[in-house]
Amino acid sequence: MDFSGSVDIAAPRQSVWDFLMDFEAVATCGPGVEHVTRVDDTHAQVTARLGVGFITTRFTLDLELGDVDAPERAEIKGHGDAPGNQVEGRAEMRLSGPAEGPTRLDWQASVEIFGHLAGLGGRLIDSTANRLIGQAFECIQARLAVAPTPRPAAAEAGPTA
């Protein structure tokens, strides 16, 4: 299965990059993520609970941050297991826009599922994946959104003596 999209984030590019390169921070926006163990700067192990249709299972995923061109492009690949299931995936993201933001995040991912979940059918898996991806990006946007800088209150014009 292949997925791709773009999202605009109201934050400086470096802030978006720093958040996305932090396994623990990104995990807070991953629906179903229960636990993250950072192995080193480029590897992590993630435990996530995933429900598709009537099947809910817990995956253990090994993630590896691959080709990185900071603060513009990165690749990540992963593989994982759950009882009766396996998953393999690879994703790439590209950041663009002015350094001060907003930042545009273009992404693409390819995922292969083997086992019981694969037997559920592409439409059910696609709709579930798209819902979870949408939730993750909404969370990322909310976490990184820069609040507008308040303007100083203008002095009220009043009678002068």
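**Figure 1. A two-residue hairpin joins strands E2 and E3**. The model is predicted; local features need pLDDT of at least 70, side-chain atom pairs count only at pLDDT 80 or more, and totals for chains, interfaces and linings use all residues. Residues are numbered from 1 along each chain as its sequence is written, and side-chain values use heavy atoms, without hydrogens or water. E2 covers residues 33–40 and E3 covers residues 43–52. The two strands run antiparallel and share six bridges. Thr 37 has Gln 45 of E3 as its bridge partner. Strands (E, at least two residues) and helices (H or I, at least four) are DSSP runs, numbered from the N terminus. Two strands count as paired if DSSP finds at least two bridges between them.

**Figure 2. E3 also pairs with strand E4**. E4 spans residues 55–69. The pairing is antiparallel, over 10 bridges. Look for Ala 44, which stands opposite Leu 63 in E4. In a regular strand, side chains alternate between the two faces of the sheet.

**Figure 3. E4, E5 and E6 continue the antiparallel pairing**. Eight bridges link E4 to E5, residues 73–82. Three residues lie between these strands in their hairpin. Glu 64 is bridged to Lys 77 in E5. E5 then pairs with E6 over 10 bridges. Here Asp 81 stands opposite Gln 86 in E6. The E5–E6 hairpin has two residues between its strands, and Gly 84 in this hairpin takes a positive phi near 75°.

**Figure 4. The largest nonpolar core holds 28 residues**. A nonpolar core is a set of buried Ala, Val, Leu, Ile, Met, Phe, Trp, Tyr and Cys residues joined through side-chain atoms within 4.5 Å. Buried means under 20% relative accessible area (1.4 Å probe, protein chains only). Ile 9, Leu 20, Leu 105 and Ile 140 have the most contacts inside this core. Contributors of at least two residues each include E1 (2–9), H1 (13–20), E7 (103–115) and H3 (122–144). H3 gives the most, with five residues. Ile 140 touches Ile 9, Phe 19, Leu 20 and Cys 29, leaving aside residues up to four places away in sequence. A second, separate core has seven residues, among them Val 52, Ile 55, Leu 117 and Ile 125.

Figure 5. Where pLDDT is low, the predicted coordinates should not be read in detail.

Terms used: Buried means under 20% relative accessible area, exposed over 50%, partly exposed in between (1.4 Å probe, protein chains only). Contact means heavy atoms within 4.5 Å.
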